[in-house]
Amino acid sequence: MFIPKYFKVTAVEEIEDFIKQHSFGTIVTTKKGRPIATHIPLLLEKDETDDYYITGHVAYGNPQWRTFEESEEALVMYQGPHAYISSSWYKDENVPTWNYQAVHVYGKVEILNQDQLKKSLTNLLYKYESHRKDPILWDTLSPSLLEAELNGIVGFRVKVQDIQAAYKLSQNRNEADYNNIIHNLYTEKDLESHQLADAMKQIKN
C-alpha cells in the first residue's frame, strides 16, 4: 500500500486497537494468479510466544479455502471510516480529496484443526455476545447444532508478518483548515462522515 509519510502509522498498540474496532475484514489470496477475496469477521490474537495471528473461518463451499495453504502469502484488509473532503473547506484554492483509515496485513495462512477452530469460534462468540443480556456462547449451544455447523466451515489463521497502516486524515493541512474539515464533516448527512470527523478529533488530541 502506498503511504505518504504524513499518513503512515507505526504504533503497534494503535494499529491493534484499530483492527479490533474494525474487525470485519477482507482476506485475499490467489489462484493461478487471480485474486480471490472473502469479507468476514476476523479476530486478532496472540499465541503463547506473543506472535500475532488473525483467525477466521469461511464456508466449506467457499473455494477460497483451498488456496490458503498453497498461497505464498495472504493479504488481510481492514477499512475504517472514510469520506469525501471538499476543497471548498480550505482557506486557499486546492483540489478535493478523500480521507480514510486502512490497515493491510500480510502473512502465511494455515488451516485450523478442529480444536483450534472451536477455540477460535469460542473467542469470536465471546467478543460479540458476552456483553448481551442473553449471550449466545459456545457452551450455551447444543452439541448437535455445533457439530452440524462445524462440518460446514473451514477455520484458518494468518501469521502476521507485515503490517501497513495508513490514516489519511488531513495531517498535512494547517490547523485552520483541519478544524474546518472536521466542522464540515459533522454537517454532512452520512454517518461515515461523522465517524471520520471523530477519528480526526481523536488523533489531534
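This is a predicted model: local features need pLDDT of at least 70, side-chain atom pairs count only at pLDDT 80 or more; totals for chains, interfaces and linings use all residues.
Trainee: Thanks! Which helix holds His183, and what distance separates its C-alpha atom from that of Trp89?

Mentor: The helix spanning residues 175-187 contains His183, and that is H4. Along the chain, His183 and Trp89 are 94 residues apart. Their C-alpha atoms are separated by 9.2 Å.

Trainee: On to the pockets: which element gives the largest share of the lining of the largest pocket?

Mentor: This pocket holds about 320 Å³ of space. Of its 13 lining residues, the closest to the centre include Phe18, Gln101 and Gln202. The largest share, five residues, comes from H5.

Trainee: And which element gives the most to the lining of the second largest pocket?

Mentor: About 280 Å³ of space lies in that pocket. Strand S4 (43-46), strand S5 (52-59) and helix H2 (114-129) each supply at least two lining residues. With four residues, the one that gives the most is H2.

Trainee: Last one: how many residues in the lining of the second largest pocket are charged?

Mentor: Among the lining residues are Glu45, Lys46, Asp47 and Arg157. Asp, Glu, Lys and Arg count as charged, so these four belong to that class. The lining divides into two nonpolar residues, four polar and, for the charged class, six.

Methods
Residues are numbered from 1 along each chain as its sequence is written. Side-chain values use heavy atoms; hydrogens and water are left out. On a 1 Å grid over the protein atoms alone, a cavity is a set of points where a 1.4 Å probe fits but cannot get out, and a pocket is an open set with protein on both sides within 12 Å along at least five of seven lines; lining residues have an atom within 4 Å of a point. Grid points are joined across faces, edges and corners, and a volume is the space filled by probe spheres set on the points.
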